[in-house]
Amino acid sequence: MCFLCTSIHIAASIVVRSALRRRLPRVPASDDVVVALSAMDSVIGLVNRIQRACALLGDYGADNALPTLWDSLPTIVVVGGQVLSLSLSLLFCSSGKSSVLEGIVGRDFLPRGSGIVTRRPLVLQLYNTEQGQEDYAQFLHQENKKFTDFSLVRKEIQEETDRVTGRTKQISPLPINLSIFSPNVVNLTLIDLPGLTKVAVEGQPESIAQDIENMVRSYVEKPNCIILAITPANQDIATSDAIKLAREVDPAGERTFGVLTKLDLMDRGTNALDVLEGRSYRLQHPWVGIVNRSQADLNRNVDMLSARRREREFFATSLEYGHMASRMGSEYLAKLLSKQLEFVIKARIPGIMSLVNQSINELERELDHLGRPVAIDAGAQLYTILELCRAFDRIFKEHLDGGRPGGDRIYGVFDYQLPAALRKLPFDRHLSLQNVRKVVAEADGYQPHLIAPEQGYRRLIDGALNYFKGPAEASVDAVHFILKELVRKSIGETQELRRFPTLQADIAAAANEALERFRDDSKKTVLRMVDMESSYLTVDFFRRLPQEVEKGGSPTASSVDRYTEGNLRRIGSNVSAYILMVSQTLRNTIPKAVVYCQVWGAKQSLLDHFYAQAGKKEGRQLALLLDENPVLMERRQQCEKRLELYKSARDEIDSVLWA
């Protein structure tokens, strides 16, 4: 099976699957589809319609943020250079692109002048009509207006260019779409691009040469692009910018058609046979020679039909080119390109269909993700707000419960940060021999203690317990910071909320206000726990101390040695042991209080106050909460337009395949 038939068979299979998905009637057998394809009215017309839809809906390959159908459509791109010569003044000599295009169309319709005349891509769509019908042109930006005077077409191209670029020499990637209907053309689509140049002229930025090359490359680098490389015969082909660029992007010459212009202007005694016969630069497709209208012809307003006739006579009577006259000239070039474009389109249909279906699915998924427009009914708006709050709350709880990362950081506060802070408390300094002596002596006052310095003990314990307030408060603040971060992160991860920056901000504010209340309650609770340890000491702990000393073999201290170093050290050791016991208790109870007051509070009632306030709002206030993010609104509109484009393209392709 030949490549074309294989491609058509694949296209038929895709159509069958597409039809089944949309419950269309059963398609004919594959052989019938092949016949239908071969009997197409014009697959070029199909691509033309899709191309026009692309232009209308903003897809011309310049925006990488959305799927592009434009880049997948087979096209013929006209590439030529602007040759700079030095004489008494700087003169630009074009490669003859405009003359080639006008020769194919058979009409004068392109702007002419010095410098870079083509400053926007011109998408030229040709439609063959029945004999006897009048030639006319239509622009996509003036779809309801027919141009029968082609001098006005030239003027409109110039004015439409100036509307975008201004009356400067700037360029723009925004294309102009022009359709020409005539019995004297073949079905064909060409894209004319600014001519490659080396230098900037007055009014152009210094980067103009690179800007033009980048624009041209963006077209010719695509594998579905047919390159029409135009070079004047009176220029050395080795210096041709068009051929140089074509060689870089298509080194095997599989996508390049070479056109040699101005054959009649070569020096006497020279010819271009080495080029035309493929010896100077070989391509997979034949070179075509063109005879352009002379400046004298242009000055005398010689019409294109007469120019075509003169071109045919030139090749038919030429001693050098007579043997290849049937393969030369504008008319032959148009037919050759039309056949090649039709062949490439048929081969690309399966890939285009696959891209269309894939892109439709992607765009529909993104629109579902972006959400549909908001209802204007107050009840529906309140329901939407509550649903968005629940979506945020669900993600927030997932962070706390381990479904998403973040909640583990709270455990880190209790398992690492709190114990480390407790270990760093300055108990060694507080219970040093000097400080114990000082505190005990101050507690005794004018009356030294009789048996045990109870007031000294209490003051040492109270002073030590006060140190626990710092780590307790720090634990509360650390968990508060983590919860605030999780609120911020959860809001960012709630995709539905991205549409509504006002609601997003209000939910964040309400959640953070609730966290502040939870923090205050938590801080009060843990500080009370420390105060409770100070308010009532564990008596049994101290009652066991004398017995433990006696078991250790040390005699109970008398009143005589109460200020001795040994007794003071024993006091410090006893207080240290008691503080260690309290520290173990607080290490376990502080996390419980923090979790109960802050974490559970956040899980159970983070947005309760917000719900109560939202229920009191009226329709206008609810609408303000659902004021959408302009960026996302624009993105939804872009996706909707692009989805419309792809569905239109699918219908266009189906209509041709089902014809």
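Which side chain meets Arg-519 in a salt bridge? The partner of Arg-519 is Glu-516, at 2.7 Å from N to O.

## Basis of the model

This is a predicted model, in which local features need pLDDT of at least 70, side-chain atom pairs count only at pLDDT 80 or more, and totals for chains, interfaces and linings use all residues. Residues are numbered from 1 along each chain as its sequence is written, and side-chain values use heavy atoms, with hydrogens and water left out.

## Salt bridges

A salt bridge here is a side-chain nitrogen of Lys or Arg within 4 Å of a carboxyl oxygen of Asp or Glu. By this rule the count is 30. Side chains of opposite charge can pair when their charged atoms come close.

Arg-519 and Glu-516 are three residues apart in helix α18, so about one helical turn separates them. Helices (H or I, at least four residues) and strands (E, at least two) are DSSP runs, numbered from the N terminus. Glu-516 is partly exposed, at 29% relative accessibility. Buried means under 20% relative accessible area, exposed over 50%, and partly exposed in between (1.4 Å probe, protein chains only).

Lys-523 pairs with Asp-477, with the closest N and O atoms 3.0 Å apart. This pair links distant parts of the chain: Lys-523 sits in α18 (residues 501–535) and Asp-477 in helix α17 (residues 469–493), 46 residues apart. Both are partly exposed: Lys-523 has a relative accessible area of 22%, and Asp-477 has 30%.

Asp-162 bridges to Arg-119, with the closest N and O atoms 2.9 Å apart. Asp-162 belongs to helix α5 (residues 150–165) and Arg-119 to the loop between α4 and β4 (122–128), so the bridge ties together parts 43 residues apart in sequence. Asp-162 and Arg-119 are buried. A network of salt bridges links Arg-120, Glu-156, Glu-160 and Arg-163.

## Nonpolar cores

A nonpolar core is a set of buried Ala, Val, Leu, Ile, Met, Phe, Trp, Tyr and Cys residues joined through side-chain atoms within 4.5 Å. The largest has 104 residues, and Phe-109 and Leu-178 have the most contacts inside it. Helix α11 (residues 330–370) gives the most to this core, with 15 residues. Apart from it lies another core of 67 residues, including Leu-433 and Tyr-578.

Contact means heavy atoms within 4.5 Å. Beyond its neighbours within four places in sequence, Leu-178 touches residues including Phe-109, Leu-122, Phe-139 and Ile-157.

Strand β9 (residues 225–232) is mostly covered, with eight of its eight residues buried. Cys-225, Ile-227, Ala-229 and Thr-231 point one way; Ile-226, Leu-228, Ile-230 and Pro-232 point the other.

Two strands pair if DSSP finds at least two bridges between them. β9 pairs with β1 (residues 75–79) in the parallel sense over five bridges, and Val-79 has Ala-229 as its bridge partner. β9 and β10 are also parallel, over six bridges, with Leu-228 partnered by Phe-257. β9, helix α7 (residues 241–249) and β10 form a right-handed β-α-β unit. Right-handed means that, with the strands pointing away from the viewer, the path from the first strand over the helix to the second runs clockwise.

Most residues other than glycine have a negative phi. Lys-262 has a positive phi, near 60 degrees. Lys-262 is in the loop between β10 (256–261) and α8 (273–276), and is buried at 16% relative accessibility.

Helix α4 (residues 97–105) has nine of its nine residues buried, among them Lys-97 and Glu-102. Gly-106 follows α4, with a positive phi near 80 degrees.
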